Amino acid sequence: MQMLWDSKLAVGVDKIDNQHKELFNRMNSLMDAMKEGKGKNEVMGTLKFLEEYANRHFSDEEELQRKNNYPKFEIQHKEHEEFKMALKDLRMKLEEQGVSAMLAINLQQSMCGWWKKHIKELDMDLGKYLMSV
Ligand SMILES: [Fe+2]
């Protein structure tokens, strides 16, 4: 099962929505590589590709929040850091245990859940705020 972006996840700010779509693509590449049982190096490559883009997205989004004095910046920042930690944790698990189907399934559930919740609960509110200032 792929992580699909649909219009229900649109926050209404093109830059953010486009970055979310690209993040979903990169998460799918990582999960596909794991599910297809690709070697550790290849999986690590897709993880690095995702990490780079996630870091860029979070810093772009936080810059937008700071520039516009978004009142919930701290809550956003805390969740972004949480996701970055989850990717670090995944890197460690892959180093220690290698690629496994179990890890792929757990990852898919937690990532899908995290993103849908983050977008619906926090980024939607941010989108509304940015359109009102
Ligand atoms: Fe966010």
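This is a predicted model: local features need pLDDT of at least 70, side-chain atom pairs count only at pLDDT 80 or more; totals for chains, interfaces and linings use all residues.
T46 is buried, with a relative accessible area of 15%, where buried stands for under 20% relative accessible area, exposed for over 50% and partly exposed for what lies in between, calculated with a 1.4 Å probe and protein chains only. Residues are numbered from 1 along each chain as its sequence is written, and side-chain values use heavy atoms, with hydrogens and water left out.

T46 is part of helix α2, which covers residues 40–67; helices are DSSP runs of H or I with at least four residues, strands are runs of E with at least two, and both are numbered from the N terminus. The side chain of T46 reaches the backbone oxygen of V43 at 2.7 Å. When residues up to four places away in sequence are not counted, T46 touches S29, L30 and A33, a contact being heavy atoms within 4.5 Å.

E51 has its place in helix α2 and, at 15% relative accessibility, counts as buried. Leaving aside residues up to four places away in sequence, E51 touches L87, K88 and R91, and the C-alpha atoms of E51 and D89, which are 38 residues apart in sequence, are 12 Å apart in space. N55 is also placed in helix α2, but N55 is partly exposed, with a relative accessible area of 37%. From N55 to L107 the separation is 52 residues in sequence and 18 Å in space, C-alpha to C-alpha.

The chain as a whole contains four helices and zero strands, and from the N terminus on its elements run α-α-α-α. Along its principal axes, the C-alpha trace spans about 50 × 25 × 20 Å. The chain has a radius of gyration of 15 Å, which agrees with the value near 14 Å that a compact globule of 133 residues would have; this radius is taken over C-alpha atoms, and the globule rule is 2.2 Å times the number of residues to the power 0.38. Of the 133 residues, 42% count as buried. Among the contacts in the chain with a separation of 6 or more, 78% are accounted for by residues 24 or more positions apart.

An iron ion is coordinated by E61 (OE), Q76 (OE1), H80 (NE2), H118 (NE2) and D123 (OD), at 2.2 to 2.5 Å. Donors here are N, O and S atoms within 2.8 Å of the metal, or 3.2 Å for Na, K and Ca, and sites may look incomplete because water is not among the atoms. Along the chain, the donors of the iron ion follow the spacing E-x14-Q-x3-H-x37-H-x4-D.

Aromatic rings were examined next. A pair of aromatic rings is described by the distance of the centres and the angle of the planes. Rings of Phe, Tyr and Trp (its six-membered ring) pair if their centres lie within 6.5 Å, and planes under 30 degrees apart count as stacked, over 60 as edge-to-face and the rest as tilted. By this rule the count comes to seven aromatic pairs. The rings of F83 and W114 have centres 4.8 Å apart and planes at 35°, so this pair is tilted. F83 in helix α3 and W114 in helix α4 are 31 residues apart, and the pair thus links distant parts of the chain; both F83 and W114 are buried. W114 and W115 form an edge-to-face pair, with 4.9 Å from centre to centre and 75° between the planes. The relative accessible area is 15% for W114, which is buried, and 0% for W115, which is likewise buried. Ring pairs link F58, F83, W114 and W115 into a cluster.

Charged side chains are also found over ring faces, a charge being counted there if NZ of Lys or CZ of Arg is within 6 Å of the ring centre and within 35 degrees of the ring normal. K21 lies over the face of W5, at 4.5 Å from the ring centre, and R26 lies over the face of F49, at 3.6 Å from the ring centre.

Conventions: A polar contact is a pair of N or O atoms within 3.5 Å; within protein, one must be able to donate a hydrogen and the other to accept it, and residues adjacent in sequence count only if both atoms are side-chain atoms.
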